[in-house]
Structures are given as C-alpha cells and as structure tokens.
There are 2 protein chains.
Amino acid sequence: MEQRFAELKGRLAEIHDLRRAQEVLFWDQTVMMPPGGGPVRSAQLTTLDRVAHEKFISDEVGQLLEGLRGYEDGLDYDSDEASLIRTARRDWEKARRVPAELAAEMVGAAAEAHDVWAKAREESDYALFLPHLERAVDLKRRYVDCFEGYDEPYDVLLDDYEPGMKTAEVRAVFDELKTELVPLIAEVGSTEPDEPFMSGPFDIDAQHQFSLRIIERFGYDPQFFRLDLTVHPFAASSGTQDIRLTTRYKEDDITSLFTAMHECGHGVYEHGVSQALERTPLCHGVSSALHESQSRMWENIVGRSRPFWNHFYPQLQGAFPGTLGDVEQESFYRAINRVKPSYVRVDADEATYNLHIILRFELEQEIFAGTLPLKDLPEVWNTRFEEYLGIPVPSDSLGVLQDVHWSGGGFGYFPTYSLGNIISVQIWDKVLAEIPDLHEQFEAGEFGPLHEWLRTNLYSLGRKFTPQETLERVVGSGIDAKPYVRYLKEKLGTLTAA
Amino acid sequence: MEQRFAELKGRLAEIHDLRRAQEVLFWDQTVMMPPGGGPVRSAQLTTLDRVAHEKFISDEVGQLLEGLRGYEDGLDYDSDEASLIRTARRDWEKARRVPAELAAEMVGAAAEAHDVWAKAREESDYALFLPHLERAVDLKRRYVDCFEGYDEPYDVLLDDYEPGMKTAEVRAVFDELKTELVPLIAEVGSTEPDEPFMSGPFDIDAQHQFSLRIIERFGYDPQFFRLDLTVHPFAASSGTQDIRLTTRYKEDDITSLFTAMHECGHGVYEHGVSQALERTPLCHGVSSALHESQSRMWENIVGRSRPFWNHFYPQLQGAFPGTLGDVEQESFYRAINRVKPSYVRVDADEATYNLHIILRFELEQEIFAGTLPLKDLPEVWNTRFEEYLGIPVPSDSLGVLQDVHWSGGGFGYFPTYSLGNIISVQIWDKVLAEIPDLHEQFEAGEFGPLHEWLRTNLYSLGRKFTPQETLERVVGSGIDAKPYVRYLKEKLGTLTAA
C-alpha cells in the first residue's frame, strides 16, 4: 500500500514539476524574454500543458487513486497523505470529464478572441467582438455539459476558481452586500476632491525602494522572492522558496505601493505553504477567493490603514520631499482611501469595486441561464451600471469591453475578487481577536505576528482542505458578508467625518 | 508516409520543447532565481530531463524511424526532412544504449562529487577528491562499455561532444600543434611586462555599455537577445529568436569585453540556425568544436585584431578616459594579446591556452587506456605541465584540481576547445578569400558581411549534417592544424617585433 502511495506521489510530483516549469516559463515570457521569443515560447507552454495533462488524466493515476481507497480510509483526514489522495482524486475526476478536443478548441478560440477583443476595446466596437463572445459562451456551455450534479450551470464555472462554492451562496452574500452598498455609495458620492499631490512627481527609483521597504516588513525576503516590472502586475512561483512578484511604476502615480503590497499578499501565501507539501498538487493557495483575501488584506486592511501610515508616512515624506513634504498625513490618508464611482474596475476604489464585480456576476449568470441575449449585453450593462454606481457609461470601451476575462472564456472568475474582500475581513476579525494590539504593532512597523498567525492558520494548509473547510478552520464559520459591510461602513464613516 | 513523418516531427517537437524548457529553467536558476529555489529547481530539471529522455527513447519513436527508411531514401540527402530522420535516428540509437540506471547513477555521482571537488580545490587536497574521481572514471568506463565499434575507448567520450570525431584524428592534429607550439612559447617567454593600465579602474556600467556597443555590431539585437550577469559566463537559448548571453564585470579587469564577444559568438550561431529547423532536434549548433570556433573567432580573430581596435580604440579611450586616455593603441593592443605561460586554463592567453588543453587530452586518454593510475595523476600533471609551459605548478589547486569538468564525468570535452581554435582559422581563411576587404570593413566598424557569410554558410545548417560534413561544406576540407599554427606564428611575430 505504502509503495502504491509512493508511486502516486512520484507521478504527481512529476506532473507538479511540469506545471511549475510552465509557471516559470510564463513568468520568463512576461518579465524577461526578448520579444522575438514569443511564438516558440507559446509552443513550449502548450507542450508542457499537454504533457502534464496527459500524464495526470492517465488510467494509471486513476487506478492508483482507486487502489488507495482502503489506505486512505485508515489515515487521519487531516494528514498530508489523506489530503493528497482526496484532492488528487477530485482533480482527476474533474480533469477526466473534459475531452481533449474541447479543451484544445477552447484554448484556440481564446487565442483568436484575445486580439479581436483588444481591437474592439480600442475602437469601442462591441459588434466586432460579439461573434467571438458568442463562441466563447457556446464553448463554455459545452464545457458545462461535461459535468453533472450541479444546481445551476454557473456552479460549474465557479467551481474552476472556487471549488465547491455554489452560485446560490455567492448570490446570497452579494445581494446582502449590494443592498447595503448601493445606497451607501449614492449617499456618500465622492469623499474627496482630486488632490494635486497625488499626481506626483514620484521618482520611479524611490517608488521601487519604498515598495521593497514596505513588503520586506510583510515577509518579502530576497533569499526567496523577486520583484520585477511588468505592464500587468502578478505573482507567480516555482515553489514555496521561489516567489516572483511583479509591479509597475508611473511618475504621476504612487499607487504602485499598493500594487506591491497586493502582490506580496499573494506571495506570502504561496511562500507560507508547508514545505512538506512541496512538489505535490497541494502546494498552492487553496482558491482564488482565499488568495484574493490575502492580497486584499495586505493591500487594503493593512496598507490603507491609519496605523500603517502612522509608521510609514514620515518615511514616505522623506522619500518624496518635493511632492509630499508639505502634505498632512490625514490628507494623504484620505486621498489613498478616496471613494469615487468610476467606470473602470481596475481603477476603482475599495468600496465601489464590489459593485463592478456584482454587476459582472449577475450578467454572467443571466448569460448562462439563457435570459440575456448577448446582443443586448451593452445596453443591459449600461443601464444596470448607472443604477448601481450612479454614473452613465460613456462608451463600450469603458463599459462592457473593458475586461479581458470573457475573451478567454474566463466566466466565473470575477466573483472571487469580491469574495476575497469579504473573506479578508472575516479573517482580519479573527486575527484581531487573537492579537488585540495589531494596530499598535503596525504603528511600530511590526507586521511579523500578523504574518506568522496567517502562516500558521491559513498559508501552511495549502490545498489540503476544500476552500470551505479551510475558511471554517481559520474563522470558525462559512462565508459571511456582514463583517465586510461593517468594515466598509466604519471606514466610510471616518472618511466622510469633517 | 507523410503522415508518419508528421507524427515523428510532432513527437520530436514535443521532446525539443521539453529540452528547451530545461535550458530556460537552467538559465533562470543561474541568472534570476532567488537562492532558496535551488532544491526544488533541481528536482524540476531532473523531471524535465527524465520525461524528455523517456519520450525520446520510446519504442514508438524507434518504430517511426524504422518505418521511415523508405521515405528517407526517396528524399534529397540535403533536405531538412532527410536530415531530421537521419540525425534523430543517430541520436535515438545512441540514447537507447545507456540504461536508465547507469544514467541516473552518473547524475547522482556528479552531484555528490561537485561539492567535494570544490572543497578539495579550495584546500588543495587531491586525496579528498580521489575517490570521487575514481568513481567518475569507473562510471564512464561502464558508459563506454554500452557502445561498440570504436577504435579506442576515448572515441566514445569524444563522440558526446564531437559526434563522429576519432581520437586518432584529434591526436594527429594536436601533436602537430604541440610540436610547433612548445618550442615557440619557450622561445617567446612573455611578450610584454604587466601594464599597470590593465588593472583599471574600469567603471562597471561603462564596461556594460561598451560590451553592448561591440556585440550589437556582431549581431546582438535586443529583439532577440539578452545580456545578463553571472559568475560563470555562458550562452543559452530558448529558440533561435531568444538568445541569452551572460557575462561578468570587475573594476580592475577590462577582459569582460572579450567575454561578451565570446558568448555573442555562441549566440549568433544559435540565432542563425534556419528558422525552418525550429522545434526540431536540428535546431542547435552542430558540435562543441564548431560552436567554440565561433566564440573564438569573434573573440580572438575579430576582437583581438588591429583592424578591430583601429575602429574601437578611440571610443574605448572615450569610455575610460582616466585609465586609457594616455595609453597608445599599440600598447593596449599588445597588452590584450600578451602571451605569458600561467597555471590556470581559463586565464590563459590565446597561444598558451592550447597547451593546457593538449595536456588534459593526453591525460584523459591515458586514464581510459588504463596506463595512468589516478593516484599518480598530480605528479604526472605537474611534470608534464612544466615540460609544455616551462613553469612549475605551485599547488594542486592551481594544477590538477582547477577544472570542474572531471567531477561531473565530463571527459572528452576539453579537446573541443582547441579544436575550436583550429577550426576558427580554417573558416576565417575561407571567409577572407571570399571577402578580401574584411579588415577594411572592421576598421569602418562594419561586421555585417562577416556575420552574413557565417550565417549563410554555417549557422543556418544547424545539426543537419555531421560536424565533419559541416566543416567540409564550409571550408572544403577536414580539420587541419596548419592554418592555426600559421596564424599563431604570424601573430606572435607581430607581438615580439620591437
């Protein structure tokens, strides 16, 4: 039995190595590769993906998993071994359901649609994109048909990013959030006028040094991390001891600091996975929402807090004396927390961001329920956007065409962003209950105990348990919007107080 | 038949992608990876190697190759298709001969021996290294036993780096070189005293900019190349359009310029392989010696020539005015071409370098012929070193322990360095016959026609033909030491002339 388990583990390690190689090659492509390398690199990535997939869905892996049922029953549910078998079996059963031809067609369609989408967005031409969107939805419907036992088709899409999460559950949570948030934002409007100092200039090198200074307090260590430049920031990793973060800088924009904190949140999660899980399929954060809860926690709950800036603001003024030397800390604090309805999701503030997400979640469900014809999508988008955010959408470029996700068939991903926000406050409340002086620690520039708590209680678990089990273990309950609503109300309260 | 060929090509492309992924992961490990990533990266590299090897030596590939014999017979020998089948069959037959267990044992022994060798070199303790060297030789003997049809065992070792080359042929060429070189160097002694200006200071950033300025004339283009920093410079590539060079800088050493030219020589060779060969096993330089002929040609024949510096020296003075502003071009030229016997191969000048190689080649043969017991190796090394280079070896650190190669079982590699020198002049003579004004072009800073000639006549061929066939096609004959001896004599003549 133990030999059979060792064989399974060996095969899964090989597959995991191939997957990680893909991740490094993707990072290299984005960060380091000379532009001419593109076509061959795409072929290499496709090969690695196919070889890893073929090795995973093999009958041999299935037989090993089947043969290990008895062994698994004798193991502690919480053990690394039982978790490995359980998770690998779930992954295998899912991966086996999708025919290779459909998977290949989806990849091909996504590649074609991407360039058309980019052109359509540039020219604000929804009609150009429509046939590709129709194809993406059609392929995704065929993908849904590969599965069974779901309550509604959208469950299948959600499951790719948030395994086990049900659409109904997300709907309930988002409805609660929306009910509170729409009137709140309508009432608040914009919290502050534009502050000229937020346009800089902020020296690029000083931004880089300050980003590093902050995230080194969060757990970034050059022994295990890198921070490089890309147009679209992201986090990747080759293993728990090799974490790659990327960010971007603009002279007239200091929000790079928050980008670095956000990506570092993803990074410390991956870095904190138990080294005993290295080279197994358990060696990753458990889901998109849990991952996002960490990037958001470090970016927003920590990085946009008053205690954080009580520590860092004098240093920030020292780094940018010309621009911030005469700016009061409170003005800076309000500027970085400014609430203002806007069109583009990625530029949205912490509060209005969720309404962008809820809009997309609703539209995605209606598309897959068949109640929203795709040709009507821009009109429905614009109407509902104004209803939620109080401002009219000026063009499809700044509306329905703004995100890349749908061109690649990425339906079901959007909700995880706001689920991450919600979960981040649930976890935060829990940590604060166990370490009541966290804010005093931040004021002293001390973030180690927070990091350590999160590592012990969340990061180290990796993918050993389902996202639901993981959340339950960390906070003692399921997902709940109330703490996040309370957090937003409190924060908006302090911002609107004169 | 064409379908069978397409299937072979598809399988070989997949294997090639895995091999290239290994190369990118190795580059990343050396140039970019945070140190903590080491252990997992080693596992990933081992996995990629094993998966690629298993896929290549499969019966299916063998059956395809066998089934394509008739198809191959109907093809033009020079066609890409015939070359692919022919080369893949030779690679396959060779790869099938080595049992996986032996290959794995060699990899494991090399990993163990490396650290012991590093310690032994540091402490000049040959006895410490001896058991590992014995094991490496023993394993290599078992490796030789996997093959048949060779004239002497060393042929098998040579074949890994210089396919088809016979020991007897190398011996003849090296004997000729040695006969000329030993008395020549004994007569010349050192051509110049140490020049204080060669110790700098040379600003690091200015060295980097100047390296780029030179190699951009050689064919380096940021669209397809990178230049990064490592302790041990090398060239790697992900494909013909993605070439990675590395170099190093020291404030008291300007030879970084020659390192950049050397690695760029490797790079332009890989970059010049026909794009029609991309993602096939033909997509590489053909052998170590041919590769080295290109790095040496660009570094030495071009980069250490008077016409080259007639163009670049005024710019170099401008880049380092404090150090070189008052130094005559002729003094600089003589300093960078200084001949002086020394202990360490990698620091040796263009002329004495070959004696370091010939020594190693002779000792390797004697080891595998069983005529040189390993315990006597330091003594024999020291005696023969003094005989060839005229200076006594001060310690094993600066003698028999200086190179990493043997710790990894890399017997048979050394000769390719000098074979590269020899071939470089054969090719140079051929180009010069066809483009007689090359030196005038260099004086005008023009290196394009040389690059273009090499690309058309050598680089583009990749591995379509054997090294011998390739050389024959480029220069019209086999390997011949005479042109190189003539070149060295001429050069030494100009350096010793008052």
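**Two chains and their contacts: a short walk through the model**

Let me begin with the interface, where 35 residues of chain B are in contact with 35 residues of chain A, contact meaning heavy atoms within 4.5 Å. This is a predicted model, in which local features need pLDDT of at least 70 and side-chain atom pairs count only at pLDDT 80 or more, while totals for chains, interfaces and linings use all residues. Residues are numbered from 1 along each chain as its sequence is written, chains are lettered from A and ligands numbered from 1 in the order in which they are written, and side-chain values use heavy atoms, with hydrogens and water left out.

Between them the two chains bury about 2,800 Å², 61% of it on carbon and sulfur atoms; buried area here is the accessible area, with a 1.4 Å probe, that two parts lose on being put together, summed over both. On the chain B side, B:M32, B:P34 and B:Q44 lose the most area to chain A, together 17% of what that side buries.

Six salt bridges run between chain B and chain A, a salt bridge being a side-chain nitrogen of Lys or Arg within 4 Å of a carboxyl oxygen of Asp or Glu. A:E14 and B:R50 form a salt bridge, with their closest N and O atoms 2.9 Å apart. The side of chain B that touches chain A draws at least two residues from each of α1 (2-31), α2 (38-56), β1 (225-229) and β3 (242-247), where helices (H or I, at least four residues) and strands (E, at least two) are DSSP runs numbered from the N terminus.

Is A:F56 buried or exposed? A:F56 counts as buried because its relative accessibility is 13%, given that buried means under 20% relative accessible area, exposed over 50%, and partly exposed in between (1.4 Å probe, protein chains only). Leaving aside neighbours within four places in sequence, A:F56 is in contact with A:L12, A:I15, A:V61, A:A88, A:D91, A:W92 and A:A95. The C-alpha atoms of A:F56 and A:R11 are separated by 8.1 Å, although these residues lie 45 residues apart along the chain.

Finally, a salt bridge within chain A joins A:E434 to A:K430, the closest N and O atoms being 3.8 Å apart. These two are four residues apart in helix α18 (residues 415-434) of chain A, and are therefore separated by about one helical turn. A:E434 is partly exposed at 46% relative accessibility, and A:K430 is partly exposed at 29%.
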